[in-house]
Amino acid sequence: MTARPVEEYVVSDPAGGPYAITTGPDGALWFTLVHSGRIGRFAPGQDSIHHQLAPDSGPTVICAGPDGALWFTQYRAHRIGRITTAGEVTEFPLPTARCGPFGIAVGPDGALWFTETAADRIGRITTQGSVTEYPLPRTGAFPSAIAAAQDAMWFTMNQANAIGRIAMDGRITVHELPTEAAAPVGVTLAHDDTVWFTEIAAGQIGRRTPDGQITEYPLPDRQARPHAITTDADGTAWFTEWGGNRVGSITDDGIITVHDLPTPASEPHGITVGPDGALWTALETGALARLAPTTAVTETTNSAVLTEKRNLS
């Protein structure tokens with residue numbers, strides 16, 4: 001464990017459920033409140049602001065869009081949402097009923113790409129609201145998080161034990177994982193298109209290099225249930241340990257650092273690099289946690305959301 005400074009900022013009551021978090025175009029932190037159907041905005045030194053959606057809509061993952069607005073999935077309402085920094089909300093219904101959109105990210109083509117967990121599809125929506133859906137070559141795959149490479153999107157297939165790549169023309173390639181029933185969830189890309197992902201059921205972090213080599217790194221606590229993952233400016237991958245109440249990082253050479261969160265059982269989910277260069281994570285119990293950007297002691301391994309989301313939390 002390390003003594004890296006951690007601060008917590010209460011942004012909702014425990015029933016609100018802060019889930020995913022991103023840095024907005026206005027320099028504030030934007031987050032979803034999955035249980036109460038709200039989108040939140042927070043800047044240190046200011047009170048958090050909440051924008052109410054339908055209470056049972058289940059806003060889940062959120063990202064900054066290419067149009068100066070924030071885009072998010074509504075897992076229970078089966079819609080894609082858009083919110084401006086002024087709080088104006090637009091909602092887009094999806095062609096496939098009860099598709100369960102979860103992950104969302106901006107693609108290299110300037111559109112928003114998202115996963116449909118219950119429909120085994122990857123979706124694409126333009127900033128004007130035009131939607132295209134691409135079926136996966138697997139059934140019951142439960143596609144989860146999604147992230148952009150330089151020329152494609154990568155996504156996890158939580159129930160198919162694989163990660164997938166979809167090109168801008170819709171062609172999909174599936175890459176099996178070495179560990180059975182690893183249940184991958186979070187995914188992120190480094191600047192060199194190295195893919196990092198979490199294996200929530202295996203207690204491991206996975207890495208796929210551009211030449212196709214997949215390496216899995218067991219965490220010191222195999223019951224930590226790693227969930228979301230992001231990369232910082234140095235290419236280090238940062239992840240949340242939902243079951244371990246920690247935030248961790250891993251370098252290209254497999255050095256893992258873990259940081260205890262001050263509040264027990266705070267349920268860390270989404271994670272992002274904030275406008276201040278610190279790591280911020282959403283705690284489902286009602287707060288945002290900030291890890292100060294300082295040097296920390298490390299420990300090394302030697303190996304080359306909801307209950308309805310199955311193995312997503």
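How much space lies in the largest pocket?

1. The model under discussion is predicted. Its largest pocket holds about 840 Å³ of space. The lining consists of 38 residues, and those nearest the centre are Val187, Thr188, Ile229, Thr230 and Ile271.

2. Several strands give two or more residues each to this lining, among them E18 (184-189), E22 (226-231) and E26 (268-273). By class, the lining comprises 25 nonpolar, 12 polar and 1 charged residues.

3. Thr231 has Ala237 of E23 as its bridge partner. The two strands form a hairpin with 5 residues between them, and in its turn Gly235 has a positive phi of about 90°.

4. Are the residues of strand E23 (residues 237-241) buried or exposed? The strand is mostly covered, with 5 of its 5 residues buried. Ala237, Phe239 and Glu241 point one way, whereas Trp238 and Thr240 point the other way. In a regular strand, side chains alternate between the two faces of the sheet. For E23, the residues pointing either way are all buried.

5. Strand E23 also pairs with strand E24 (residues 246-250), again in an antiparallel arrangement, through 5 bridges. Here Trp238 stands opposite Ser249 of E24. The hairpin of E23 and E24 has 4 residues between the strands, and Asn245 takes a positive phi near 55°.

Key:
Residues numbered from 1 in each chain as written. Predicted model: local features only at pLDDT ≥ 70, side-chain atom pairs only at ≥ 80, totals over all residues. Heavy atoms only, no water. 1 Å grid on protein atoms, 1.4 Å probe; cavity = no way out; pocket = protein on both sides within 12 Å on 5 of 7 lines; lining within 4 Å. Points joined across faces, edges and corners; volume = space filled by probe spheres on them. Nonpolar A, V, L, I, M, F, W, Y, C, P; charged D, E, K, R; others polar. Buried < 20%, exposed > 50% of the residue type's maximum accessible area, 1.4 Å probe, protein only. Pairing = 2+ DSSP bridges.
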